[in-house]
Amino acid sequence: MTFGEIVFILIMLLTLFSALATALTSSMIYALLSLIVTMFGISGLYIFLNAPFIAMMQILIYVGAISVLIVFAVMIAGPHYLHMKAPKGWTGLSKILTALIVPVFTFFVFVNFIMGTCRTDKKLSVITTKDIGRAFFDTYMLPFELISLLIVVSIIGAIMLALFSKGEK
Amino acid sequence: MTGTLLYNNLNIYLFVALFLLSAGILGMLYRRTLIGMLISLELIMNGAGLNYVAFNRFSKAGDAAGQVFTLFIMGISAAEAAIALGIIILIFRKYKHIEGEKLKEMKD
């Protein structure tokens, strides 16, 4: 086992455990911090996948922007929701079945149909940031502009929702 | 699987992405507050992005399409988080709580 494999296994275990902690911790702040650790782990996996630009964007966007947005949401909701009680109704059979059905089905498909194919790469293909930029402005020009339009519309919509609509005070 | 390095293998990335999807669905059902559901949704989005990059790396090498679509997913995820934050603020202002189970006016 090489050194790179040991690092890969450590990063993968970090990602898996922090993803589980994100779903299951009782404190909302701990869940948020576990989400940030998960983002760092996934960016490490992106580096192992030869995608350093995506790894950098992962840290910039998720850790830098989205986590801050969720921190704002936690802050606005107040300290009452930081520590949650044990969720009621979780023990209901229907909820457990619903939580299990998609992962079990997907895992079944994964083991039966994909596991056998074992696709590995023959040569190291490098996709540079220049290639990504060319793909953005050649092939995917219209979706790129539409994404920027979507973000502008969502920011304006969030501001309109939060500022100018008067709820029952 | 022998002979190649562990991280040059598609299946292990697919397994990580599947685990992220499962943890996200579990969190969506386990959490009661809207913020917890939002956090779990980010996990699901990340699983999708990891799948895109892994398939791009191993089955269409040399093409940047998968990475471009992962960047699109990140943009959509940011927009969705902003809108969800606005809705959470609005719900908290109107009802003084953000528990998903109690928001059932449109159920009746």
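Me: Buried area is the accessible area, taken with a 1.4 Å probe, that two parts lose on being put together, summed over both. How much area do chain A and chain B bury between them?

Reply: The model is a predicted one. In it, 84 residues of chain A are in contact with 77 residues of chain B. Carbon and sulfur atoms account for 75% of the area that these two chains bury. The total buried between chain A and chain B is about 7800 Å².

Me: How many residue pairs are in polar contact across the interface of chain A and chain B?

Reply: Salt bridges between chain A and chain B number 0. Polar contacts across the interface are found by rule, with both residues at pLDDT 80 or more. The number of residue pairs in polar contact is 6.

Me: Which helix of chain A gives the most to the side that touches chain B?

Reply: At least two residues of that side come from each of α1 (3-24), α2 (28-48), α3 (52-77), α4 (93-114), α5 (129-137) and α6 (141-164) of chain A. The largest contribution is 14 residues, and the helix that gives it is α3(A).

Me: How many helices does chain A have?

Reply: The elements of chain A, taken from the N terminus on, run α-α-α-α-α-α. Strands come to 0. The number of helices in chain A is 6.

Me: What share of the residues in chain A is buried?

Reply: The accessible surface of chain A is about 10200 Å², with 78% of that on carbon and sulfur atoms. Among contacts in chain A with a separation of 6 or more, 52% join residues 24 or more positions apart. Chain A has 169 residues, and the buried share is 36%.

Me: Leaving aside neighbours within four places in sequence, which residue of chain B is in contact with Ile61(A)?

Reply: Ile61(A) is placed in helix α3 of chain A. Its C-alpha is 9.9 Å from that of Met39(A), which is 22 residues away in sequence. With the sequence neighbours set aside, Ile61(A) is in contact with Ile66(A) in its own chain and, in chain B, with Met74(B).

Me: Is Val71(A) buried or partly exposed?

Reply: Val71(A) is also a residue of helix α3 of chain A. Its C-alpha is separated by 7.8 Å from that of Leu32(A), 39 residues apart along the chain. The relative accessible area of Val71(A) is 39%. Buried means under 20% and exposed over 50%, so Val71(A) is partly exposed.

Me: Is Asn50(A) buried or partly exposed?

Reply: Asn50(A) sits in the loop between α2 and α3 of chain A. Although not a glycine, Asn50(A) has a positive phi of about 60°. Its relative accessibility is 23%. The cut-off for buried is under 20%, so Asn50(A) counts as partly exposed.

Me: Which residue does the side chain of Asn8(B) meet in a polar contact?

Reply: Asn8(B) belongs to the segment before α1 (10-30) of chain B. Its relative accessible area is 17%, which is under the 20% cut-off, so Asn8(B) is buried. The polar contact joins two side chains at 3.1 Å, and the partner of Asn8(B) is Arg57(B).

How values were computed
Residues numbered from 1 in each chain as written. Chains lettered and ligands numbered in written order. Predicted model: local features only at pLDDT ≥ 70, side-chain atom pairs only at ≥ 80, totals over all residues. Heavy atoms only, no water. Contact = heavy atoms within 4.5 Å. Salt bridge = Lys/Arg side-chain N within 4 Å of Asp/Glu carboxyl O. Polar contact = N/O pair within 3.5 Å; in protein donor to acceptor, adjacent residues only side chain to side chain. Helix = DSSP H or I, 4+ residues; strand = E, 2+ residues; numbered from the N terminus. Buried < 20%, exposed > 50% of the residue type's maximum accessible area, 1.4 Å probe, protein only. Areas by Shrake-Rupley, 256 points an atom, 1.4 Å probe, with all protein chains shown as cover.
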